[in-house]
Amino acid sequence: MSLDHFYRFQDLARQQSVVFYYTGYFSQAIVSAMGDALRQRLNQTDASNVQRRKLFSVFIEMAQNVVHYSAEHLSASDSTDQEIRRGALWVGEQNGHFYVVCANPVAREQVGRIRDKLMPLLGMSNDDIKQLYKQKLRSDNDAESKGAGLGFLTVAREATEPVEFDFIDEDGPLSPITMFYLKASI
Amino acid sequence: MQNLHIPATSYSPQVDFDFARHHLSLSGESYPENASVFFAPIMAALDAYLAPLDHVRITVDVQLAYFNSASTKAILAIFERLNAAAVAGNYVTVNWHSDPDDDTIMEFGQEIAEDSPALDVHLLALA
């Protein structure tokens, strides 16, 4: 990549008011350090206290999702602690709203499961999401979940509009891996 | 039994379970990588402490600035145990401290109060 490409890359980030961007490997230490930097960066914006808290919450749930579930990992695939996995995360500001987007590779066979978790949330009101969260919090854990299985619900609960998601085949439709994107606005 | 003290990190809370004085406190931030790994020894110590107690006054102070979804589940499990201890004949007072403009944490304190009728829960706003 020539310097000219880097300039265009920066310029696009500026146009889209990207406050924060990271791509690469995510570990707990990196998530924590980024969280601290994000909090300090948000202190310099017009974000209200409520917005800052919601943004931080969405950021942590998304970033820890990458640590737990990204299909590309440096740590052993069956580990549940001290993990290092690949992804990307953006925080930006547009028209007085903030957005957080994360992307990480997932196994194609997980697409259905992720879609089934997210689709029902799209048409739900904030009160319905809160009720579902309460109910899930008190139910048994999803066997495939490493946390409480509440990450997506937490993201949807904090968001001020329905979350958006997509799967992009970076390596063609036959690759066993696809990129999962999730966006929340606050 | 031995008191449990775990110092805070940037992503895990300070845990001060002073079993001798029957005072339990949790404060700071809670988003460890794996909440069940972090909370397992805390639950084990709490279970061992609560099991033989009868007619004891326990005070619990919670002052968490942020906790992630997996920690929320663990915190709920702590209060289920405390509620069971209160049902079994102990007196448990919970002081739930939260920032007045943090609805999420305040509402979660309310939910704990509703879920755990045997606990004496006080929702307190931090100045």
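1. The model is predicted: local features need pLDDT of at least 70, side-chain atom pairs count only at pLDDT 80 or more, and totals for chains, interfaces and linings use all residues. Residues are numbered from 1 along each chain as its sequence is written, with chains lettered from A and ligands numbered from 1 in the order in which they are written.

2. In chain A, helix α3 (residues 49–69) packs on helix α6 (residues 151–158) at about 155°, with axes 9 Å apart. Axes are lines fitted to C-alpha atoms over the stretch in contact, and angles run from 0 to 180 degrees between N-to-C directions. α3(A) is therefore roughly antiparallel to α6(A) (an angle over 145 degrees). From α3(A), the contact includes Lys54(A), Glu61(A) and Met62(A); from α6(A), Thr154(A) and Val155(A) are among the residues. Contact requires C-beta atoms, placed from the backbone, within 7 Å.

3. Chain B puts 17 residues in contact with 22 residues of chain A. On the chain B side, α1 (35–50) and α2 (69–87) are the elements that give two or more residues. α2(B) gives the most, with 5 residues. Helices here are DSSP runs (H or I, at least four residues), and strands are E runs of at least two.

4. Ala127(B) sits in the segment after β6 (120–125) of chain B. Ala127(B) is exposed because 5 other C-beta atoms lie within 10 Å (exposed means 12 or fewer). The C-alpha atoms of Ala127(B) and Pro117(B) are separated by 27 Å, at 10 residues apart along the chain.

Conventions
A residue is buried if 20 or more other C-beta atoms lie within 10 Å of its own, exposed if 12 or fewer, and partly exposed in between; C-beta atoms are placed from the backbone. Angles under 35 degrees count as roughly parallel, over 145 as roughly antiparallel, 65 to 115 as roughly perpendicular and the rest as oblique. Two residues are in contact if their C-beta atoms, placed from the backbone, lie within 7 Å.
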